[in-house]
Amino acid sequence: MSHLATPVVDATAPYRKVLIVRFSLLGDVAMTIPVVYSVCVAHPETQFVIVTQQVASTLFFNAPKNLSVVAVDHHEAYRGFGGMLRLAERLAGEQQPDAMIDLQGDRRSWLLGMAMRLRGCKVKRIDMGNKGKQALTRRRNKRMFPLRTSLDRYREVFRRMGFAFEETFTSIFDGGKGDAKAFAHIVGAKAPGERWIAVAPYAKWAGKIYPIHLMEKVLDTIAAWQGVKLFFFGQGDDERSQFEKWVKKYPNAVSLGEKRNGFPVELALLSHCDVMLSMDSMNMHLASLVRVPVVSVWGASHPYCGFMGWKQRDDLVVQLNMACRPCSLFGDKRCYYNDFFCLTGIQPQMIVTSLKRVLDEKA
């Protein structure tokens with residue numbers, strides 16, 4: 001497997017089984033993979049167990065042999081203080097770990113960690129850097145400087161736990177490309193010279209979504225390029241409805257919003273794309289796992305917050321230099337000026353130019 005490059009093994013690692021806790025969000029869970037897979041490869045003598053939400057559990061495929069996944073419903077069955085105690089009892093009984101690495105860093109995982117400590121488990125917790133994030137996103141006296149990335153914070157926790165490693169992960173697929181047979185039911189084989197552009201125009205919050213009427217202007221231009229096929233990535237009623245309109249408008253477009261194909265299938269298709277256009281969203285991180293360059297559009301959030309995609313290029317970030325940015329880590333705050341000019345002010349040609357640059361480099 002491509003991420004199983006020659007490992008740097010530290011046979012002195014003192015743990016038999018280690019829990020790794022990262023419940024949400026999906027993009028943050030995806031960001032753990034380059035680090036977690038690399039640690040697993042470097043320490044084959046240790047068993048690692050990812051504890052995550054159900055939908056995120058399917059991200060961990062083509063995994064090292066010493067990595068397993070426990071999917072939990074932390075919103076219902078294991079909700080709140082009592083839920084974390086029940087989860088700790090379950091994990092202690094089923095897994096019998098001697099260490100836990102908390103990559104979640106919230107109240108739930110703190111409660112879980114405390115319960116595991118009482119059971120003799122050593123626990124290390126991520127430093128979320130909340131003070132720095134507050135200084136970066138506050139409205140007045142903003143401290144505009146790049147924070148440590150989430151990936152750096154993940155690496156640091158493992159090293160504090162005593163795991164020495166080098167990042168050997170390169171892609172979730174052998175050779176960086178998924179098997180074309182996996183997505184044959186969606187689209188035929190990629191023709192010689194054809195260029196595939198993945199487009200993920202949505203995010204969870206309005207502060208991260210480029211206006212759809214402006215996105216359509218981008219699509220009008222790139223859909224007219226010779227030998228281009230577009231793939232729309234996303235789920236949900238709004239996405240499906242919009243994708244249906246675009247597929248009717250652009251004959252060279254395919255929607256992946258009609259049904260859930262699963263991460264192994266969609267990542268296999270994405271691995272054959274030449275570039276992805278996305279917001280600051282989960283899709284940027286999925287493309288990173290298969291080493292596809294991403295032209296990312298940023299509004300209320302900012303790469304300085306530490307959520308840039310793994311090994312993505314700074315020169316492909318599309319954003320406006322505004323004194324009020326970033327106002328939010330997640331794009332979930334109301335705009336101070338009620339116009340989201342950080343997004344509406346981005347001209348479609350700025351995005352088109354970045355996409356063309358990537359395709360020209362690959363020509």
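Start by selecting helix H9, residues 263-271, in this predicted model. Of its 9 residues, 8 are buried, so the helix is largely enclosed by the rest of the structure. Here buried means under 20% relative accessible area. The buried residues are Phe-263, Val-265, Glu-266, Leu-267, Ala-268, Leu-269, Leu-270 and Ser-271.

Which elements lie over its buried residues? The cover includes helix H1 (26-42), helix H2 (54-57) and helix H10 (282-289). Strands E6, E7 (228-232) and E9 are also among the covering elements.

Next, select the sheet to which these strands belong. It is an open sheet of 6 strands, in the order E8-E7-E6-E9-E10-E11, with parallel pairing. At its edges are strand E8 (253-255) and strand E11 (317-318), each of which pairs on one side only.

Met-276 has Val-294 of E10 as its bridge partner, and Leu-277 stands opposite Val-295 in E10.

Stay on E10, residues 294-297, and show its side chains. Which residues point one way, and which the other? Val-294 and Ser-296 point one way, whereas Val-295 and Val-297 point the other way. All of them are buried. In a regular strand, side chains alternate between the two faces of the sheet.

Move to helix H4, residues 107-117. Its buried residues are Ser-109, Leu-111, Leu-112, Gly-113, Ala-115 and Met-116.

For the surface, select Leu-25, Trp-205 and Phe-330. These residues form a nonpolar patch with about 270 Å² of accessible area together. Trp-205 is in the loop between strand E6 (195-200) and helix H7 (212-222). Is Trp-205 buried, partly exposed or exposed? It counts as partly exposed because its relative accessibility is 36%, and that class lies between the cut-offs of 20% and 50%.

Finally, colour the model by pLDDT. The protein averages 94, and 96% of the residues score at least 70. Residues 4-11 have a pLDDT below 50. Beyond near neighbours in sequence, this stretch has 20 contacts in the model.

Technical notes: Residues are numbered from 1 along each chain as its sequence is written. This is a predicted model: local features need pLDDT of at least 70, side-chain atom pairs count only at pLDDT 80 or more; totals for chains, interfaces and linings use all residues. Side-chain values use heavy atoms; hydrogens and water are left out. pLDDT is the predictor's confidence in each residue, from 0 to 100. Contact means heavy atoms within 4.5 Å. Patches are made of residues with over 30% relative accessible area and no salt bridge: like charges are joined within 9 Å, nonpolar side chains (Val, Leu, Ile, Met, Phe, Trp, Tyr) within 5 Å. Accessible areas come from the Shrake-Rupley method with a 1.4 Å probe; for residues, only the protein chains shown count as cover. A salt bridge is a side-chain nitrogen of Lys or Arg within 4 Å of a carboxyl oxygen of Asp or Glu. Helices (H or I, at least four residues) and strands (E, at least two) are DSSP runs, numbered from the N terminus. Buried means under 20% relative accessible area, exposed over 50%, partly exposed in between (1.4 Å probe, protein chains only). Two strands pair if DSSP finds at least two bridges between them.
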